[in-house]
Amino acid sequence: MDHPARLKAQDISLAFAKNTPVLRDLSVDIPDGKITVIIGPNACGKSTLLRSLARLQPTDTGEIKLDGTSIRRQNSRAVARQLAILPQNPTAPEGLSVRDLVSRGRTPYQSALRQYGHDDASKIDEALAMTGMSHNAHRPIDALSGGQRQRAWIAMTLAQDTEILLLDEPTTFLDLPHQMELLKLVQQLNTDTGRTVAMVLHDINLAARFAHHIIALKDGRVLVEGTPDEVITTATMAEIFDLSCTIIADPVSGTPHVIPT
Amino acid sequence: MTVASGFVTLRLASLSFVLSYRAAILGTVLLAALLIAAASAALTGSYPLPAAQAWATLLGQSNNTADQVILLDHRLPRILTALGAGAAFGLSGAMFQTMLRNPLASPDVIGFTSGAAFGAVMALVLTGGSILLGALLGGAIAALLVIGLSWSAGLQPNRLILIGVGVSLFLTAASDLAMASLDALTAADMARWLIGTLNARNWTDVAVVWGVFAALLPVTLWLSFALNRLNLSDDTVTSLGLPLSPLRLTITVTGVVLVGVGVAVAGPLPFVAFVAGPIARRIIGGGRPAILAAAATGALVTLLADVAARAIPLVHLPTGVFTALIGAPVLMWLLLVQTRKGTL
């Protein structure tokens with residue numbers, strides 16, 4: 001694929017325990033300005049790949065490169081201004097307000113002696129507005145519903161004001177309407193601000209609907225990658241998930257839709 | 001100066017600091033309570049001092065030797081040591097609790113305080129002095145031991161707490177054992193000190209505890225920016241570009257030194273480090289670590305416990321008896337709350 005990509009994984013391998021590799025010599029590009037979705041069966045290394053891309057998980061071999069330089073050799077604060085990740089199951093202390101949480105996203109621009117820069121307030125307001133959380137800004141996180149809480153966390157990563165946004169299973173624990181709402185928000189962020197988004201999703205049909213680019217993993221390797229039409233085929237579904245299915249065009253979006261048989 | 005949602009931002013050239021109104025107001029109330037408690041501790045006791053008389057003594061305008069001895073040689077050093085040790089314990093407790101995201105992870109629960117006490121006892125047994133050095137060394141070794149034993153691909157707070165409780169009990173027993181080699185009189189003295197006592201403090205104790213506290217206060221203020229983010233998950237902290245391991249190391253070293261100096265001047269006052277943080281966080285609210293408020297709360301709890309200890313005449317109960325009386329119910333309450341929420 002020849003699309004420009006600021007963020008790349010080059011031949012990364014990783015094993016949590018000996019003889020049980022999670023990622024094997026894996027190389028992927030995260031195309032700039034697009035929505036990339038990583039799919040694959042449980043324990044195929046989806047989350048590990050995303051966490052490695054965000055320098056949360058060191059790799060055994062290979063390199064993650066951001067703008068051509070190894071992410072490990074760059075200043076972590078500088079990286080945090082280029083790349084934000086929403087990890088799985090993030091936690092916040094009891095009583096922390098939404099606005100306080102979102103303001104934590106400004107950390108890479110702050111320090112102990114510069115706790116609140118001049119554009120911090122406007123960036124925080126902007127992030128709250130983009131996620132539709134402005135009216136909830138003063139409520140404690142623990143008082144919010146699952147969907148609202150996830151929006152608050154996304155607002156925090158938006159306040160980080162990065163061009164690249166990584167989301168690790170952002171729809172987990174959400175019901176279908178809230179999953180749709182959240183993914184539409186992600187789509188809107190991508191269209192309105194041109195942010196590069198890469199996320200892990202469990203639901204193939206949602207992945208097909210919202211992704212420009214899909215990376216399908218199996219056993220720590222890239223099985224196939226490309227547009228939803230290229231990746232979501234009966235052949236790949238059989239190979240990745242051992243799933244026999246027919247594929248129809250989604251009547252709403254025209255994207256491939258998997259119907260298990 | 002701009003105001004946004006209960007916060008005031010103070011700016012000075014390119015520097016900026018955020019202060020919440022609630023924290024500022026309640027912090028002031030806490031300091032006022034401290035002052036009132038300190039003043040009443042100075043005036044009351046088996047030898048009551050009228051305020052005017054005490055004030056004159058303080059300014060050096062009194063010729064009453066008894067007043068001078070009582071106030072300047074006994075009560076003031078005792079009060080100031082209580083405040084300094086309590087503040088050091090409170091600060092240290094809040095730092096560890098925030099860093100490990102668990103109120104049970106305070107140095108007096110996870111063995112750092114017992115380590116400092118054991119180090120102090122060993123210093124006394126082996127060299128006949130250097131309690132401060134022994135306490136610092138003992139605290140550091142206990143911290144290394146607990147963190148090392150609980151380390152498994154990173155810091156595991158729950159493992160650390162369980163192992164810490166075990167190490168704490170072991171070191172307490174070791175301290176008792178080490179005292180067997182002391183003569184009866186010193187051993188009796190040490191036994192009281194091991195419960196935590198502020199009896200017969202002098203100005204050297206005051207200088208030691210306040211000197212270290214003053215030196216470390218800027219460090220903890222600097223660390224509070226990070227602590228205010230370390231209370232999120234490890235992944236979030238890293239993703240925000242903060243250096244997780246160096247911060248944890250700095251916090252651990254600072255916290256252990258604070259515990260060491262507190263133990264050296266007041267003994268391992270039980271539960272002060274433990275209760276200060278949760279109380280301060282509830283006062284300040286908003287999910288903030290409330291580091292400074294925890295120092296003030298620790299100081300207040302210790303002073304009140306000492307006033308209570310002094311109020312019972314003749315027996316000279318160690319102050320630690322009363323900090324335990326305050327702290328143990330809080331521990332049980334937190335255990336119940338955490339068990340119910342499943343966060344234990």
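Guide: Buried means under 20% relative accessible area, exposed means over 50%, and partly exposed lies in between (1.4 Å probe, protein chains only). This is a predicted model, where local features need pLDDT of at least 70, side-chain atom pairs count only at pLDDT 80 or more, and totals for chains, interfaces and linings use all residues. Residues are numbered from 1 along each chain as written, chains are lettered from A and ligands numbered from 1 in the order written, and side-chain values use heavy atoms, without hydrogens or water.

Visitor: Why does Arg248(B) count as buried?

Guide: Its relative accessibility is 12%. Buried means under 20%, so Arg248(B) counts as buried at 12%.

Visitor: What makes Arg248(B) and Asp234(B) a salt bridge?

Guide: The rule asks for a side-chain nitrogen of Lys or Arg within 4 Å of a carboxyl oxygen of Asp or Glu. For Arg248(B) and Asp234(B) the closest N and O atoms are 3.0 Å apart, so the pair passes. Arg248(B) lies in helix 10 (residues 244-266) and Asp234(B) in helix 9 of chain B, so the bridge ties together parts 14 residues apart in sequence. Helices here are DSSP runs of H or I, at least four residues, and strands are runs of E, at least two, numbered from the N terminus.

Visitor: And which salt bridge joins Asp234(B) and Arg101(B), and at what N to O distance?

Guide: Their side chains meet at 2.6 Å, N to O. Asp234(B) is in helix 9 (residues 234-239) and Arg101(B) in the loop between helix 3 (65-99) and helix 4 (112-127), so this pair ties together parts 133 residues apart in sequence.

Visitor: Why does Asp234(B) count as partly exposed?

Guide: Asp234(B) has 25% relative accessibility, so it counts as partly exposed. Arg101(B) falls in that class too, at 31%.

Visitor: How do you know that chain B agrees with a compact globule?

Guide: The rule is 2.2 Å times the number of residues to the power 0.38, with the radius of gyration taken over C-alpha atoms. For 344 residues that gives a radius near 20 Å, and chain B has 20 Å, so the two agree. The C-alpha trace spans about 65 × 55 × 40 Å along its principal axes, and 52% of the residues of chain B count as buried. The secondary structure of chain B comes to 13 helices and three strands.

Visitor: What makes Leu49(B) buried?

Guide: Leu49(B) is at 4% relative accessibility, so it counts as buried. Leu49(B) sits in the loop between helix 1 (21-43) and helix 2 (51-58) of chain B. Beyond its neighbours within four places in sequence, its contacts (heavy atoms within 4.5 Å) include Ala42(B), Asp67(B), Ile70(B) and Arg75(B). Leu49(B) and Ile70(B) are 21 residues apart in sequence, and 9.0 Å apart from C-alpha to C-alpha.

Visitor: How do you know that chain A and chain B bury area between them, and how much?

Guide: Buried area is the accessible area (1.4 Å probe) that two parts lose on being put together, summed over both. For chain A and chain B this is about 2700 Å², with 54% on carbon and sulfur atoms. On the chain A side, Arg104(A), Gln115(A) and Tyr116(A) lose the most area, together 22% of what that side buries. In contact across the interface are 36 residues of chain A and 27 residues of chain B.

Visitor: How many salt bridges does the rule find across the interface of chain A and chain B?

Guide: Two. In one salt bridge, Asp100(A) and Arg288(B) have their closest N and O atoms 3.1 Å apart.
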